[in-house]
Amino acid sequence: DDLFCRYGRYFRGVIDKDKEQESNEKGAYARNVVCAFVLDDYGEACRSHYNRNPRDPAMRVLAIEAFKQSITKNKHGAMSFYHLAQVYSDWESSPEEREERSRLLERVKVLDPDWQDALLELAQDKVQEHWEITREARELGEDAARLREVSRLRVQFDNLRKQKSEVREKD
């Protein structure tokens, strides 16, 4: 934990130095790439801490923020997109985050088409999405069958009511 705190101080020092030098355009691209790397590395440390410790949600939030800042600094670095996608693969991810995960992996595929882990995870996401769509379609089909049965029973009920009414009229 002490090592993590020291790393956090180092990270904040690099970011503070970057903010001081933002007005200086000379070397801005290189500085942004270095900052993005530091942010990505810090995000990985937060994610690792989150995964190792009893699911500290604050670390997950810090990891997400660090990866997003890293992406802002360097939109051409596939690593931060991939690492953010990793955070969104955990059990606490919302449906929106899981959708975002696929978009992030698609971006990694564009930036680094040979990244096998990203391609494999993207394929797994597509298979999972297919299974979910298939399950939903099956459920909708079952719902449609139940609705047809309800409709048939209503018609039968209406016919019986009509017959009852006709019998009463004859009496």
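1. Buried residues of helix α4. In this predicted model, the buried residues of α4 are A78, S80, F81, Y82, H83, L84, A85, Q86 and V87. That is 9 of the 10 residues of the helix, so α4 is largely enclosed by the rest of the structure. What does the covering? The cover over these buried residues includes α2 (28-52), α3 (57-73), α5 and α6.

2. Confidence. Mean pLDDT for the protein is 85. A value of 70 or more is reached by 90% of the residues. Among the elements, α4 has the highest mean pLDDT, at 95. Helix α1 (residues 2-21) has the lowest, at 69. Keep both values in mind when you look at these two helices.

3. The aromatic pair. How many aromatic pairs does the structure hold? The count is 1. The ring centres of Y82 and W115 lie 4.7 Å apart, and the ring planes meet at 35 degrees, so the pair is tilted. The cut-offs show why: under 30 degrees would count as stacked, and over 60 as edge-to-face.

4. S93, a buried loop residue. S93 is found in the loop between α4 and α5. Its relative accessibility is 5%, so S93 counts as buried, because the cut-off for buried is under 20%. A polar atom of the S93 side chain lies 2.7 Å from the backbone oxygen of Y88. Which residues does S93 touch, leaving aside neighbours within four places in sequence? They are R60, V87, Y88 and R98. One of these, V87, is also among the buried residues of α4.

5. A disulfide is a covalent bond between the sulfur atoms of two cysteines. A search of the whole structure finds 0 of them. Take C35, which is in no disulfide. Its nearest cysteine sulfur belongs to C46 and is 15 Å away. A disulfide needs the two sulfur atoms within 2.5 Å.

Definitions and conventions: Residues numbered from 1 in each chain as written. Predicted model: local features only at pLDDT ≥ 70, side-chain atom pairs only at ≥ 80, totals over all residues. Heavy atoms only, no water. Phe/Tyr/Trp six-rings, centres within 6.5 Å; stacked < 30°, edge-to-face > 60°. pLDDT = per-residue confidence, 0-100. Helix = DSSP H or I, 4+ residues; strand = E, 2+ residues; numbered from the N terminus. Buried < 20%, exposed > 50% of the residue type's maximum accessible area, 1.4 Å probe, protein only. Polar contact = N/O pair within 3.5 Å; in protein donor to acceptor, adjacent residues only side chain to side chain. Contact = heavy atoms within 4.5 Å.
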